[in-house]
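Student: I have a structure open on my screen and would like to walk through it with you. Could we take it step by step?

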Amino acid sequence: MTESVVSQREYLWDRESLDPASVRVAPTADAIEEAEGNRSLLAGLDIAGATNALKQFPRLAAGLESIRHTFIENAPGFCVIDGTSTAFLTTEERRGLYLLCIEALGRTLSQNAAGDHIVEVFDRGQPFSAGGRYHQTNASGVLHSDSPQWPVVPDYVALLCVRTAIRGGESKFISAHSVLDRVSREHPGLVDELSQPFLFDKRGDFAACEAPVTAAPIVTMVDSQLHFRYLRSYIDSGHRLTLVPLTERQTAALDALDEVLSRDDLVVSLRMEPGDMQVLNNHFVVHDRWPFIDHDEPERRRLMLRAWLQRR
């Protein structure tokens, strides 16, 4: 397992080797012309109508397929689609274009018990200490993969930037391959420990007939591609909840992983501007954001739209 993970050398990027400008991609002129000519289809578009509407945007769909292959399914595993060229669109029309983009990239997944497929990410004024969720605060979280507590995790995470904060809030990206490469070199054998099942707490979001945890490895290989799922607090609480203590070796592996994840030289940071769309491969790009200082006026506060996608 260890050798198959760290042998994919093209995925071993870090802050020094990956230029943030190299992962900022502009839509093609044809796709922008297509959007401008079909603006009436964008306003008021919802998820249910996106499938049919996308048929009127073949050049947009073709461009996104190229982006998927070049940036998302292969190294580096993420990109930001530049929103500068869509400045002529209204906020509502940009939201419609975002729905078309995610429709082209995959099938949206429910993100909560309410069944929401698009979630607004903004500071609701409730800190972690008072039970606030990461996407409801202005704080930095921890480097993680999204939804690791479910048997099937999202393939992609897609964000649309609607508004920015006064300062901060930049996205943070780390290559899971680079993390595991360092753990493997500095702590021989512990990557193999990460390939054994851990218990992830579902945080109470499960049916009465379901288990409260998901048992899954942090590191697996699927069709020769790394699948990395991680959020340390979900593992700690999953083992406490089930009264199954972590072994000394499991704890050592998690501690080694956390220590490497804390290294700033691995982090690539990107600031999103209104209209930008960020897409990442949730299987091998670990992510977070920097904390931010927001506007006082609610209508000006930082706002992102988030979708979890399963590839088609």
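Tutor: Happy to; what follows is a set of questions and answers on this predicted model.

Student: Let's begin with N74. Which loop holds N74?

Tutor: Look at the elements on either side of N74. Helix 5 spans 58–72 and strand 2 spans 78–81. N74 is found in the loop between helix 5 and strand 2.

Student: Is N74 buried, partly exposed or exposed?

Tutor: The relative accessible area of N74 is 30%. Buried would need under 20% and exposed over 50%, so N74 counts as partly exposed.

Student: Which backbone oxygen lies 2.6 Å from a polar atom of the N74 side chain?

Tutor: Start with the contacts of N74: leaving aside residues up to four places away in sequence, N74 touches Y11, H69 and F284. One of these residues, H69, also supplies the oxygen you ask about. At 2.6 Å from a polar atom of the N74 side chain lies the backbone oxygen of H69.

Student: And how far is N74 from W13 in space, C-alpha to C-alpha?

Tutor: Along the sequence, N74 and W13 are 61 residues apart. In space, their C-alpha atoms are separated by 12 Å.

Student: What is the bridge partner of I81 in strand 13?

Tutor: Strand 13 pairs with strand 2 through four bridges, and the two run antiparallel. Strand 13 also runs antiparallel to strand 5 (residues 156–163), joined by five bridges, and there A158 has V279 as its partner. For I81, the bridge partner in strand 13 is M277.

Student: Why is strand 14 described as largely enclosed by the rest of the structure?

Tutor: V285, H287 and R289 point one way from strand 14, V286 and D288 point the other way, and all are buried. Strand 14 is largely enclosed because its buried residues number five of five.

Student: Let's turn to the second largest pocket. Which helix gives the largest share of its lining?

Tutor: The second largest pocket has a volume of about 280 Å³. Of the 23 residues that line this pocket, P27, L60, I81, L97 and C101 are the closest to its centre. Helix 2 (29–37), helix 5 and helix 6 (91–105) each supply at least two lining residues. The largest share, five residues, comes from helix 5.

Student: How many nonpolar residues does the lining of that second largest pocket have?

Tutor: Sort the lining of the second largest pocket by class. Five residues are polar and three are charged. The nonpolar residues number 15.

Student: Last one: how much space lies in the largest cavity?

Tutor: The lining of the largest cavity includes T164, E170, R271 and M304. By class, this cavity's lining divides into four nonpolar, four polar and three charged residues. The space in the largest cavity is about 60 Å³.

Key
Residues are numbered from 1 along each chain as its sequence is written. This is a predicted model: local features need pLDDT of at least 70, side-chain atom pairs count only at pLDDT 80 or more; totals for chains, interfaces and linings use all residues. Side-chain values use heavy atoms; hydrogens and water are left out. Buried means under 20% relative accessible area, exposed over 50%, partly exposed in between (1.4 Å probe, protein chains only). Contact means heavy atoms within 4.5 Å. A polar contact is a pair of N or O atoms within 3.5 Å; within protein, one must be able to donate a hydrogen and the other to accept it, and residues adjacent in sequence count only if both atoms are side-chain atoms. Two strands pair if DSSP finds at least two bridges between them. On a 1 Å grid over the protein atoms alone, a cavity is a set of points where a 1.4 Å probe fits but cannot get out, and a pocket is an open set with protein on both sides within 12 Å along at least five of seven lines; lining residues have an atom within 4 Å of a point. Grid points are joined across faces, edges and corners, and a volume is the space filled by probe spheres set on the points. Ala, Val, Leu, Ile, Met, Phe, Trp, Tyr, Cys and Pro count as nonpolar, Asp, Glu, Lys and Arg as charged, and the others, Gly among them, as polar.
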